[in-house]
Amino acid sequence: MAIAWCDRAIIRLRTGDPAAACADCDAALAADPTLGMAFEVRAESRQGLSDLAGAVADYTAALACGVPATGKVRANRAGMFLGLHQLEEAEVDLVAALREAPEEPNVHANLGFLRGTQRRWGEAAEAFRQF
C-alpha cells in the first residue's frame, strides 16, 4: 500500500499540488517508514512548499534508507543547503554528488551557484558550462 500512496504523491506533485503530495507521502511512510522513495518525493514536495529545512531532513532520510539515485538526492539536498545559506554542507554534498553522478545537471548548476557565491568565478563558469 505504501508504494501506491507514493505513486499518487508523484502524480500530485507533477500536477502542481505539493501539499497533497506531502500528505500522501506521510501516509506512505506511516505504512512503511523505510520507503526511501517516499522521503525523496516528500522532500521535493516540501521544496515546492518552500520548506527547505524539511526538504533537507527528508533528503537525509532518503539517503539513510538507501535510495538508488544518491548523486541526484545529494545534488538536490545541496540546493536546499544553498537556499538555507549553509555553504559548507552544500559543498560536501556537491563534491560527493559529482563523484556519484557527474552527468546529473543539478550537480553542475548548484556547483556553479556555490562557486559564484564564493566568488570563485572561473570555477563557477566551468560548472555552468558542464550544465
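**Helix packing and buried residues in a predicted model**

Q: In which helix does Arg-77 lie?
A: This is a predicted model, in which local features need pLDDT of at least 70 and side-chain atom pairs count only at pLDDT 80 or more, whereas totals for chains, interfaces and linings use all residues. Residues are numbered from 1 along each chain as its sequence is written, and side-chain values use heavy atoms, with hydrogens and water left out. Helices (H or I, at least four residues) and strands (E, at least two) are DSSP runs numbered from the N terminus. On that basis, Arg-77 belongs to helix α5.

Q: Is Arg-77 buried or exposed?
A: A residue is called buried under 20% relative accessible area, exposed over 50% and partly exposed in between, with a 1.4 Å probe and protein chains only. Because its relative accessible area is 11%, Arg-77 counts as buried.

Q: Which side chain is joined to that of Arg-77 by a polar contact of 2.6 Å?
A: A polar contact is a pair of N or O atoms within 3.5 Å; within protein, one must be able to donate a hydrogen and the other to accept it, and residues adjacent in sequence count only if both atoms are side-chain atoms. The polar contact of 2.6 Å joins the side chain of Arg-77 to that of Asp-93.

Q: Which residues does Val-56 touch, not counting residues up to four places away in sequence?
A: Val-56 is found in helix α4, residues 52-64, and with a relative accessible area of 11% it is buried. Contact means heavy atoms within 4.5 Å. Leaving out residues up to four places away in sequence, Val-56 touches Arg-77, Met-80, Phe-81 and Leu-84.

Q: What separates the C-alpha atoms of Asp-58 and Glu-40, 18 residues apart along the chain?
A: Asp-58 is placed in helix α4 and counts as buried, because its relative accessibility is 2%. Its contacts, not counting residues up to four places away in sequence, are Phe-39, Arg-42, Ala-43 and Arg-46. The C-alpha atoms of Asp-58 and Glu-40 are separated by 6.3 Å.

Q: Against which helices do the buried residues of α4 pack?
A: The expected span of a helix is 1.5 Å times one less than its number of residues, and the 13 residues of α4 agree with the 18 Å this gives, since its end C-alpha atoms are 18 Å apart. Its buried residues are Gly-54, Ala-55, Val-56, Asp-58, Tyr-59, Ala-61, Ala-62 and Leu-63. The helices against which these buried residues pack are α3 and α5.

Q: Which residue follows α4 with a positive phi?
A: Helix α4 covers residues 52-64. The residue after α4 has a positive phi, near 85 degrees, and is Gly-66.

Q: What is the radius of gyration of the protein chain?
A: The secondary structure of the protein chain comes to eight helices and zero strands. The radius of gyration is taken over C-alpha atoms, and the globule rule is 2.2 Å times the number of residues to the power 0.38. That rule gives 14 Å for 131 residues, so the chain is as compact as a globular protein of that length, with a close radius of gyration of 15 Å.
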